[in-house]
Amino acid sequence: MDKMWAGRFSKALDKEADDFNSSIHFDSRMYKQDITGSIVHAKMLSRQGIISGSESEEIIDGLSAILEDIESGKLRFDMDAEEIHMFIESELTKRIGDAGKKLHTARSRNDQVALDIRMYLRAECDEICTLLLNLIEAIKDKAYENKDAIMSGYTHLQRAQPITFAHHILTYAFMLLRDFGRIKDAVGRMNISPIGSCALAGTTYNTDRYFEAENLGFDGITLNSIDGVSDRDFCVELLADFSTIMMHLSRFSEEIILWSSWEFKFVELDDSYTTGSSIMPQKKNSDMAELVRGKTGRVYGDLFAMLTILKGLPLAYNKDMQEDKEAIFDAVDTVKKCLSIFAPMISTMRVLKENMYKAAGEGFINATDLADYLVKKGMPFRTAYKHVGEIVGYCIKNGYVLDSLPIEKYKEFDALFDNDLFNEISLETCVSKRISAGGTGPSSVQKQIDYITEFLTNEKGIY
């Protein structure tokens, strides 16, 4: 295929250099955005009297036929083409002749690719938002099923205080709600049309950039043509947002991996989301969660690659910026795969409430409540804290837990202790009396579930 820029050159590009320079093997995924943008560009050129109405119609019909042929499989991408834009323009010219050569009037590949990638990422972000909502809903449903499942909350990976499993996993739903908001915010900043910036300086033609922006679903235009072609902040921002999503999924994966081990046995993953061993027949490995945890580093790498690509570039466009696509495409694909697998993995996960409850009863996680018992009877908290620490030490040495230590022994530590303390330090009471907003108490957890339910109801009408 002849290069669109071949007029200046007296010899062909070296084959190896041509392959090195080519991007069609990865940017071909933007064919729909490229054709859509070109159709609107042809309409604008005709509307402004830059090309005739008949030429515009011929171009639009030709582009529509190319789109149909690509999607039906009738037309395959020519991997000898430099990039998707040149492939489509060349195919168009082949089909309709000189009218096809007029399509590129008043634009450059620089603003064309900037347009395509914004449109592509906008569509992909819609899909990612839908997947986030699906996972949030799966977590919310699992929380609702386990509002009464008492477990130990942890700090420093040490048993700390009694909570419910619902309260614990709802934490991840709220993380993902923030991720959803970040993606929407980023798309809002990205949704500005660069087309019409041309190579960097704009054009001498009387174009209507606002017409193109409006017809392509953008909220406005880039106000500086150099910025229009050189800006990839939106890629950096989305990669940072994708990295945060993956960080949250990785943290959740780590807990699922721990919880499904024999040492915890708090949950059991469905067979559909686990694998076995080639040599140890008893194994049931949480490989999907482990892969999500591992793929997090991959998305982090995409973010760092993008930052490094951009960090030393002078204005305006440089060929280095071709490297933006593989990084952002890889991150998009990875995030989508991880979110797609995570929601059903959570939905089918079995929660082993009895094991959670048993573990919660063995770690002195009601010690704070025992101290609060003394505080409510008039003892300063620091004094109560010291007494309870001494009691815990005694229990550890003598094989007791707080619930099994006889009342007579409690009274030896302090006369304020009475028989009512056992009700006060039961795990059920410890959970139910935590009435502060956002806490693990039943009414608070229900409010969290209600909040998420309302959010999903509102957003799922959009996505």
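Me: At 18% relative accessibility, does Lys-336 count as buried or exposed?
Reply: Buried means under 20% relative accessible area. In this predicted model, Lys-336 has 18% relative accessibility and therefore counts as buried.

Me: Which residue forms a salt bridge with Lys-336?
Reply: A salt bridge needs a side-chain nitrogen of Lys or Arg within 4 Å of a carboxyl oxygen of Asp or Glu. The partner of Lys-336 is Glu-124, with the closest N and O atoms 2.7 Å apart. This pair links distant parts of the chain: Lys-336 sits in helix H13 and Glu-124 in helix H7, 212 residues apart. Glu-124 is buried too, with a relative accessible area of 9%.

Me: How many residues apart in helix H5 are Glu-91 and Lys-94?
Reply: They are three residues apart, so about one helical turn separates Glu-91 from Lys-94. Their side chains meet in a salt bridge at 3.5 Å, N to O. Glu-91 counts as buried at 10% relative accessibility, whereas Lys-94 counts as exposed at 62%. Both belong to a salt-bridge network that also includes Asp-69 and Arg-95.

Me: Where do Asp-271 and Lys-284 lie?
Reply: Asp-271 forms a salt bridge with Lys-284, the closest N and O atoms being 2.8 Å apart. Both lie in the loop between strand S3 and helix H12, so the pair ties together parts that are 13 residues apart in sequence. Asp-271 is exposed, with a relative accessible area of 57%; Lys-284 is partly exposed, at 35%.

Me: How many salt bridges does the structure hold?
Reply: The count is 34.

Note on methods
Residues are numbered from 1 along each chain as its sequence is written. This is a predicted model: local features need pLDDT of at least 70, side-chain atom pairs count only at pLDDT 80 or more; totals for chains, interfaces and linings use all residues. Side-chain values use heavy atoms; hydrogens and water are left out. Helices (H or I, at least four residues) and strands (E, at least two) are DSSP runs, numbered from the N terminus. Buried means under 20% relative accessible area, exposed over 50%, partly exposed in between (1.4 Å probe, protein chains only).
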